[in-house]
Amino acid sequence: MAVKSVAYGEYLVSQHENGSISVLKEYDNVIASLRAISQEVGFDYDDNWTTRQFGSKLIKEYGEDGIAQFGEYCVRILDNGSVASFRVYANTKEALREIADKIGLDYDENWNTRQFGSKLIATLS
């Protein structure tokens, strides 16, 4: 369970009870993320599909119960029928660097993930 979390744009940075850090990115441009996932897995799609059609077809092909996992990426049908796509970073430091670069935060390459995450959460809070 997260004890501290901060949202920045599409990102959610969380520090958990054990001190570990996680970064989740929920894509604002869902259709673009679905296209990127499709290209990665070799799924043929129609440029005319709506986001809901696209998400449903990907989940039908690769998932179940309204959700499909593609490595770090996830596509999900929400309760209201809309489609959401997420990335849960396996390389958390990469995500922290990405966010730090966007906000202009100077960081030390020697920081471990917990130090980096804590400083980023404090900066964004």
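R87 is buried, at a relative accessible area of 12%. Buried means under 20% relative accessible area, exposed over 50%, and partly exposed in between, with a 1.4 Å probe and protein chains only.

A word on the basis. This is a predicted model, with local features requiring pLDDT of at least 70 and side-chain atom pairs pLDDT 80 or more, while totals for chains, interfaces and linings use all residues. Residues are numbered from 1 along each chain as its sequence is written, and side-chain values use heavy atoms, with hydrogens and water left out.

Now the layout. The chain has four helices and six strands. These are DSSP runs numbered from the N terminus: helices are H or I with at least four residues, strands E with at least two. From the N terminus, the order is β-β-β-α-α-β-β-β-α-α. The C-alpha atoms fill a box of roughly 45 × 25 × 20 Å along the principal axes. Of the 125 residues, 36% are buried. The exposed surface comes to about 7,300 Å², and carbon and sulfur atoms supply 44% of it. That area is from Shrake-Rupley with a 1.4 Å probe; for residues, only the protein chains shown count as cover.

How much of the contact count comes from residues 24 or more positions apart? They account for 36% of the contacts with a separation of 6 or more. Contact here means heavy atoms within 4.5 Å.

Next, the inside. The largest nonpolar core has 15 residues. Such a core is a set of buried Ala, Val, Leu, Ile, Met, Phe, Trp, Tyr and Cys residues, joined through side-chain atoms within 4.5 Å. V13, V23, L96, I99 and L120 have the most contacts inside this core. Which elements give two or more residues to it? Strands β2 (11-16) and β3 (21-26), plus helices α3 (92-103) and α4 (113-124). Helix α3 gives the largest share, four residues.

Take L96. Neighbours within four places in sequence aside, L96 touches V13, I21, V23, T113, F116, G117 and L120.

On to charges. The structure holds five salt bridges. The cut-off is a side-chain nitrogen of Lys or Arg within 4 Å of a carboxyl oxygen of Asp or Glu.

E72 pairs with R87, and the closest N and O atoms are 2.6 Å apart. E72 lies in the loop between β4 (67-70) and β5 (73-77), and R87 in strand β6 (residues 83-88), so the pair ties together parts 15 residues apart in sequence. E72 is partly exposed at 21%.

Next pair: E10 and K25. Their side chains meet at 3.8 Å, N to O. E10 sits in the loop between β1 (2-8) and β2, and K25 in strand β3, so this pair also ties together parts 15 residues apart in sequence. E10 is partly exposed, with 21% relative accessibility. K25 is buried, at 11%.

The closest N and O atoms are 3.5 Å apart. R97 is in helix α3 and E109 in the loop between α3 and α4, so the pair ties together parts 12 residues apart in sequence. Buried or partly exposed, for R97? R97 counts as partly exposed, at 25% relative accessibility. E109 is partly exposed too, at 47%. There is also a network: salt bridges with shared partners join E10, K25 and E98.

Last, the rings. The structure holds eight aromatic pairs. Rings of Phe, Tyr and Trp (its six-membered ring) pair if their centres lie within 6.5 Å; planes under 30 degrees apart are stacked, over 60 edge-to-face, the rest tilted. F43 and W49 make a tilted pair, 6.2 Å centre to centre with 45° between the planes. F43 is buried, at 13%. W111 and F116 have ring centres 5.5 Å apart and planes at 65°, so that pair is edge-to-face. W111 is buried at 17%, and F116 is buried at 1%. F116 is also one of the contacts of L96.

And one cluster to look at on screen. F43, Y45, W49, F54, Y62 and F70 form a single aromatic cluster.
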